[in-house]
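Hi,

Here is the model I promised to pass on. My notes on what turned up in it follow below.

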Amino acid sequence: MTTSTAAATATTAAVRTQVRIPLRFSDGYQVAAEVVTFDGLADGAEHVALILGDPAATATPLVRLHSECLTGDVFGSARCDCGPQLREATERIAATGGVLLYLRQEGRGIGLYNKLDAYALQDQGLDTYEANLALGLPEDARDYTAAAQMLTALGITELNLLTNNPDKARQLDDLGISVTRTVPTGVHTTPSNLRYLHAKVQHTHHTIALAPVPSLAG
Ligand SMILES: Nc1nc2c(ncn2[C@@H]2O[C@H](COP(=O)(O)OP(=O)(O)OP(=O)(O)O)[C@@H](O)[C@H]2O)c(=O)[nH]1
Ligand SMILES: [Zn+2]
């Protein structure tokens, strides 16, 4: 189970800087983003928002809360599906207008070194959640208070959320952000991330339809 430590009301944050950055992905896809920084975020981390298209074009813009994953987002790791999800979200949000929050929550909030320690334990047989617990850390340490502050500062209090993770919608609702609809993200399987994706479905009830894996039965 994930634990929610989100406060019912978040303090106010303000937009600090907004700057246009043209994005060019390795597959040729290009789009311009308005990258926004903030003052006053609850956890003091350097989270950024990417405004894609025109979020004001609809009453319920498409929003994704993307948790930082250096190995997946930058290095192209096949142990998870973060890189392809980031690429997918960017294009889908740009198509309708919305915001991608790039949240500095590496390793579900436990940090990069701890995530790599957890990977080492997974290589000895633990699943992704058991490995965090074996390190004396929460299964999922993510709190979306800063995300709610960022959305409020951008004038977004009602949205469609691009995710398969029910905890994200639950926490945003608790923080006063109305999630009108949850839009499923794609599932980007590789031989290296199938066990990880199955653990997410079984343990934290991510809404992902996966083919059964015989070696994981039982
Ligand atoms: N601790 C830990 N973190 C991981 C592991 N694999 C990926 N992560 C982190 O998990 C975060 C991404 O979370 P996911 O569980 O893949 O997806 P989600 O954000 O909960 O849900 P979606 O919105 O449906 O994608 C990133 O911060 C990754 O660095 C792992 O094995 N252990
Ligand atoms: Zn990842």
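Helix 5 (residues 145-153) is largely enclosed by the rest of the structure, because seven of its nine residues are buried. A residue counts as buried if 20 or more other C-beta atoms lie within 10 Å of its own, as exposed if 12 or fewer do, and as partly exposed in between, with C-beta atoms placed from the backbone. The buried residues in helix 5 are T145, A146, A147, A148, Q149, M150 and L151. Their cover includes strand 2, strand 3, strand 4, strand 5 (98-103) and helix 6 (166-174). Just after helix 5, G155 takes a positive phi of about 80 degrees. Helices here are DSSP runs of H or I with at least four residues, strands are runs of E with at least two, and both are numbered from the N terminus.

Before you go further, please keep in mind that this is a predicted model: local features need pLDDT of at least 70, side-chain atom pairs count only at pLDDT 80 or more, and totals for chains, interfaces and linings use all residues. Residues are numbered from 1 along each chain as its sequence is written, while chains are lettered from A and ligands numbered from 1 in the order in which they are written.

On the whole chain: there are seven helices and seven strands, in the order β-β-β-β-α-α-β-α-α-α-β-α-β-α along the sequence. Buried residues account for 36% of the 218 residues. Taking contacts (C-beta atoms, placed from the backbone, within 7 Å) between residues at least 6 apart in sequence, 64% join residues at least 24 apart.

Now the strands. Strand 1 (residues 14-24) pairs with strand 2 (residues 30-39) in the antiparallel sense over 10 bridges; pairing requires that DSSP finds at least two bridges between two strands. V15 has F38 in strand 2 as its bridge partner. The two strands form a hairpin with five residues between them, and G28 in the turn has a positive phi of about 100 degrees. Strand 2 also pairs with strand 3 (residues 48-52), again antiparallel, over four bridges, and there A33 stands opposite L52.

Which residues come nearest to ligand 1? Of the 23 residues around it, these are S67, C69, T163, N164 and N165. The elements giving two or more residues to that shell are helix 2 (82-96), helix 3 (112-122), helix 4 (128-134) and helix 7 (194-204). A residue is near the ligand if its C-beta atom, placed from the backbone, lies within 6 Å of it. The shell divides into six nonpolar, 11 polar and six charged residues, where Asp, Glu, Lys and Arg are charged, Ala, Val, Leu, Ile, Met, Phe, Trp, Tyr, Cys and Pro are nonpolar, and the others, Gly among them, are polar.

C69 lies in the loop between strand 4 (62-67) and helix 1 (70-74) and is buried, because 23 other C-beta atoms lie within 10 Å. Not counting residues up to four places away in sequence, C69 touches C80, C82 and E106. C82 is found in helix 2 and counts as buried with 21 C-beta neighbours inside 10 Å.

Best wishes

Definitions and conventions
Two residues are in contact if their C-beta atoms, placed from the backbone, lie within 7 Å.
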